[in-house]
Amino acid sequence: MLLELRGVYFKYAELGANKAALNGIDLTVSEGDSIALVGPSGSGKSTVLLHLDGLLRPAAGRVLYMGGDIHAKGFDLSRLRRDVGLLFQFAETNFFGQTVYEDVAYAPLNHGLRGRALAQAVTRALEMVRLAPSVKDRSPFSLSGGEKRKVALAGVLAMQPRVLLLDEPTSGLDPGTRANLLSLLNDLNRQGTAMVMVSHDLDEVADIARQAVVLKDGRVADKGSVREVLTSPDLESWDLEPPEAVRLGKLLGLKSKGMPVLSEAEAVSAILARGK
Ligand SMILES: Nc1ncnc2c1ncn2[C@@H]1O[C@H](COP(=O)(O)OP(=O)(O)OP(=O)(O)O)[C@@H](O)[C@H]1O
Ligand SMILES: [Mg+2]
């Protein structure tokens, strides 16, 4: 087990925040996981990611990394910072460097990498997000929206994190760039990076994640395999829109290996099988 939230309760201290953002959240992230965090706006998804990354401290409950309480005295927070990478929503709005190189190098530089090792970390990260090496000399502000998102992701990947936390990584991207980014994330997960991704698009969730956790009012409303969660009859009570294929599957009673269909491909196979 890598990361764990145990009974996490949290309230934003700012004026007016009178209700708790998290109301006793339990969540486990293990090696190789690919977890989608879904739920309506304001349900606590981003707040959960900020706890997993140690940026917010629970008012009650615990956050564990490799079994150790990350807020306990003596816990090596720099290890968590090295191993857990968080891509904020619209992370590209936080660029500060004159060049892409400076932005991507920021975290490894902070962790003591210098010279050739630093240059290699940047080159490797840009390769991972499939950007040309020449991009490193450009101003990050001169890039297209999709390129910017990739540079922001490269900045997180430069640390080679074991766990990747992604807050709506594909929002605002065109379909091609989105597909490209999703396939890249899929590859990373297959190579062993555990992932927790917030998404409002359940079609995308069906494509990329294996497990899903539903948040509603700062509580876990449901968790299970993506198929179990996305085909649940309760989906609408959580203010979630089922993927198109799931909706069609329900209307037509389509099954794949005895389970409700999740993808277009499964729906098509089920329809063709009926005709036989
Ligand atoms: N900085 C803040 N100060 C005060 N309250 C906040 C702050 N950030 C979030 N909240 C509140 O905490 C709750 C959970 O917010 P959070 O951002 O985690 O939701 P979310 O599920 O990520 O929503 P979205 O899908 O809109 O991004 C909401 O009620 C929100 O208004
Ligand atoms: Mg959010």
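Student: At roughly what angle do the axes of α3 and helix α5 cross, and within what distance do they come?

Tutor: General idea before the numbers: two packed helices are described by the angle between their axes and the distance between the axes. Keep in mind that this is a predicted model. Here, the axes of α3 and α5 (residues 145-157) cross at roughly 35 degrees and come within 7 Å. The crossing is right-handed.

Student: Which residues of α3 and α5 meet there?

Tutor: On the α3 side you'll find V100, V104 and A107, and they meet V151, A154 and G155 of α5. Sorted by class, the α3 contact with α5 has 5 nonpolar residues, 1 polar and no charged.

Student: And how does α3 pack with helix α4?

Tutor: Helix α3 spans residues 100-110 and helix α4 residues 115-128; they pack at an angle of about 115 degrees, with the axes 9 Å apart. α3 passes α4 in a right-handed crossing. From α3, the contact takes V100, Y101, V104, A105, P108 and L109, while α4 supplies L118, A119, V122, A125 and L126. By class, that contact has 11 nonpolar residues, with no polar and no charged ones.

Student: Let's stay on α4. How many residues has it, and how far does it reach?

Tutor: Check the reach against 1.5 Å a residue. α4 has 14 residues, and from first C-alpha to last it reaches 20 Å, close to the 20 Å expected.

Student: Which residues of α4 are buried, and which are exposed on the other side?

Tutor: Look for under 20% relative accessible area when you call something buried, and over 50% when you call it exposed. In α4 the buried set is L118, A121, V122, A125 and L126. As for what covers the buried residues of α4, α3 and α5 are included.

Student: Try me on helix α6. What span should its 16 residues have, and how far apart are its end C-alpha atoms?

Tutor: α6 covers residues 175-190, and at 1.5 Å a residue its 16 residues should span 22 Å; the end C-alpha atoms are 22 Å apart, which agrees.

Student: Where do the buried residues of α6 fall, seen down the axis?

Tutor: List them before you look: T177, L181, L182, L184, L185, L188 and N189. Seen down the axis of α6, these buried residues fall within an arc of 160 degrees, so they line one face of the helix. P175 and R190 are exposed, on the face of α6 turned away from its buried side. The buried residues of α6 pack against β3 (34-38), α4, α5, β7 (163-167), β8 (194-198) and α7 (202-208).

Student: You mentioned β7. Does L165 there count as buried or exposed?

Tutor: L165 has its place in strand β7. Its relative accessibility is 0%, so L165 counts as buried. Leaving out residues up to four places away in sequence, L165 touches L49, L52, D53, V84, G85, L86, L87 and V196. Take V84 from that list: L165 and V84 are 81 residues apart in sequence, yet 7.4 Å apart in space, C-alpha to C-alpha.

Student: Which residues does F96 contact, leaving aside neighbours within four places in sequence?

Tutor: F96 sits in the loop between β6 (84-87) and α3. Its contacts are E102, D103, Y106 and F141. F96 counts as partly exposed because its relative accessibility is 46%. For another sequence-versus-space pair, F96 and S139 are 43 residues apart along the chain, with their C-alpha atoms separated by 9.7 Å.

How values were computed
Residues numbered from 1 in each chain as written. Chains lettered and ligands numbered in written order. Predicted model: local features only at pLDDT ≥ 70, side-chain atom pairs only at ≥ 80, totals over all residues. Heavy atoms only, no water. Axes fitted to C-alpha atoms, helices over the stretch in contact; angles between N-to-C directions. Helix = DSSP H or I, 4+ residues; strand = E, 2+ residues; numbered from the N terminus. Left-handed = near helix turned anticlockwise from the far one by under 90°. Contact = heavy atoms within 4.5 Å. Nonpolar A, V, L, I, M, F, W, Y, C, P; charged D, E, K, R; others polar. Expected span 1.5 Å × (residues − 1). Buried < 20%, exposed > 50% of the residue type's maximum accessible area, 1.4 Å probe, protein only. Arc of directions from axis to C-beta.
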